[in-house]
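Please keep the sequence and the structure in view while reading.

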Protein chains: 2
Amino acid sequence: MADYSISELNKVVRGPKRAIYDINTINEILDDTFLCHVGYVFKGQAIVIPTAYGRKEDKIYIHGSLKNRMMLNLLDVGEASLSVTHLDGLVLARSAFHHSANYRSVNVFGEVRKVENPKEKMDALACILNHMVSGHWDNVRQPNEKEFNATLVLELSIKTASAKVRAEGVVDEAEDYKLPIWAGVVPLRQIANNAISDDNLQEGVKEPKEVLDYINQNR
Amino acid sequence: MADYSISELNKVVRGPKRAIYDINTINEILDDTFLCHVGYVFKGQAIVIPTAYGRKEDKIYIHGSLKNRMMLNLLDVGEASLSVTHLDGLVLARSAFHHSANYRSVNVFGEVRKVENPKEKMDALACILNHMVSGHWDNVRQPNEKEFNATLVLELSIKTASAKVRAEGVVDEAEDYKLPIWAGVVPLRQIANNAISDDNLQEGVKEPKEVLDYINQNR
């Protein structure tokens with residue numbers, strides 16, 4: 001697949017050698033979690049809100065209540081950007097200056113519209129839930145009319161995006177390698193523990209395969 | 001300790017029953033990671049950037065290169081806001097509508113200034129590194145004049161802040177409890193694995209206690 005075009009918005013200015021514009025790589029980073037941080041402008045100031053999302057092709061879906069200030073603002077502006085970050089390790093160098101982190105992060109920029117067509121809206125809700133636990137939408141009770149109407153769904157069409165990835169060991173100044181100072185990487189990752197079933201399940205009801213798969217893939 | 005005052009900026013509008021303005025609770029959430037997402041306005045649009053930070057009392061410190069666009073913008077505006085989010089679990093309800101996440105998130109708003117006094121600046125750099133691995137600053141080679149001068153350090157004085165915390169089980173509609181659908185919480189957490197020492201350490205150099213403590217506390 002191709003790259004996103006580079007504009008003033010998505011160009012990685014600091015640390016350009018870590019910059020990635022490749023669409024496949026960006027999609028992999030986006031698909032590896034369901035939590036993003038969305039920015040919006042409120043009275044001239046940028047406010048950052050964490051929220052769940054789903055991705056399908058070049059569309060990102062987020063949802064919330066009809067009165068969600070962040071979402072209404074994005075709709076009003078017609079554009080949005082969001083950040084997704086995975087923290088993969090501490091990079092502990094011999095020098096304070098070369099301390100860093102291993103990470104994969106993406107910034108996405110795009111146009112925002114409200115999803116109003118009922119089929120599209122239901123598909124977007126399924127996309128968001130399945131982005132959390134793949135295939136779990138079909139296991140649960142789907143939205144009734146009241147719930148469906150009480151949910152605002154926005155679609156962000158990705159216009160451009162960029163990723164920054166650091167995935168390497170310590171890089172120290174040449175003369176520091178002779179110092180008797182320890183250096184190395186401490187790997188970090190997000191894991192899932194076994195599910196804690198709700199106390200009031202009907203008799204004999206067990207975790208569906210999709211939930212067990214999620215836990216096994218994130219142990 | 002007291003609460004932060006509630007203004008239009010930090011007031012939790014959606015899900016107000018999960019809102020916390022208590023300074024101690026907010027500080028605990030801030031101290032439990034070193035990665036925040038900072039928002040800034042670039043040509044009218046909010047851009048969100050992940051970055052490391054340290055906290056001391058009501059000050060947050062971030063650092064970067066002298067040409068860091070995000071930091072120069074914050075300095076220009078004189079104000080900043082940032083978000084810190086811990087993802088603690090998937091809340092998988094019987095209904096799609098009641099799916100949620102357990103999390104602890106904080107939004108901080110404050111005034112920004114450049115830290116120029118050399119002692120204050122060195123203390124801020126130590127604060128950021130020790131916020132990553134407590135006490136590790138004293139183990140490493142501290143910045144020389146060239147590195148020190150090449151680093152821009154900003155101090156955000158917290159004017160106000162708010163936290164949102166969800167830490168509970170599934171809450172479903174009363175009539176859904178009779179459905180033969182599984183529900184429960186999948187706990188999530190970030191863990192550290194054993195350190196991977198750099199290949200070129202001097203003979204006999206081992207991980208310092210502070211790094212081993214970090215790993216043990218995050219297993």
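K119(A) is exposed, with a relative accessibility of 58%; here buried means under 20% relative accessible area, exposed over 50%, and partly exposed in between, computed with a 1.4 Å probe on protein chains only. The side chain of K119(A) meets that of D123(A) in a salt bridge, with N and O 2.6 Å apart. D123(A) is partly exposed, at a relative accessible area of 37%. A salt bridge is defined as a side-chain nitrogen of Lys or Arg within 4 Å of a carboxyl oxygen of Asp or Glu. Side chains of opposite charge can pair when their charged atoms come close.

The model is predicted: local features need pLDDT of at least 70, side-chain atom pairs count only at pLDDT 80 or more, and totals for chains, interfaces and linings use all residues. Residues are numbered from 1 along each chain as its sequence is written, chains are lettered from A and ligands numbered from 1 in the order in which they are written, and side-chain values use heavy atoms, with hydrogens and water left out.

**Salt bridges within helices**

K119(A) and D123(A) both belong to helix α3 of chain A, where they stand four residues apart, about one turn of the helix. Helices (H or I, at least four residues) and strands (E, at least two) are DSSP runs, numbered from the N terminus. In chain B, K119(B) and D123(B) are likewise four residues apart in helix α3 (residues 118–132), separated by about one helical turn. K119(B) is exposed at 58%, and D123(B) is partly exposed at 37%. Helix α5 (residues 209–217) of chain B holds K209(B) and D213(B), four residues apart, about one turn of the helix. K209(B) is exposed, with a relative accessible area of 56%, while D213(B) is partly exposed at 26%. Elsewhere, salt bridges that share partners join D32(A), D88(A) and R104(A) into one network.

| Salt bridge | N to O distance |
|---|---|
| K119(B) and D123(B) | 2.6 Å |
| K209(B) and D213(B) | 2.7 Å |
| K43(B) and E8(A) | 2.8 Å |

Over all chains, the structure holds 32 salt bridges.

**The contact between chains A and B**

How many salt bridges does the rule find across the interface of chain A and chain B? There are six, and one of the salt bridges in the structure joins K43(B) to E8(A). Between chain A and chain B, 33 residue pairs are in polar contact, both residues being at pLDDT 80 or more. A polar contact is a pair of N or O atoms within 3.5 Å; within protein, one must be able to donate a hydrogen and the other to accept it, and residues adjacent in sequence count only if both atoms are side-chain atoms. Several elements give two or more residues to the side of chain A that touches chain B, including β2 (35–42), α3 (118–132) and β9 (184–192) of chain A. The largest share of that side, nine residues, comes from β9(A).

β9(A) also pairs with strand β10 (residues 196–197) of chain B, in the antiparallel sense over two bridges; strands pair if DSSP finds at least two bridges between them. In β10(B), I196(B) is the bridge partner of V185(A).

Contact, meaning heavy atoms within 4.5 Å, takes in 88 residues from chain A and 88 residues from chain B.
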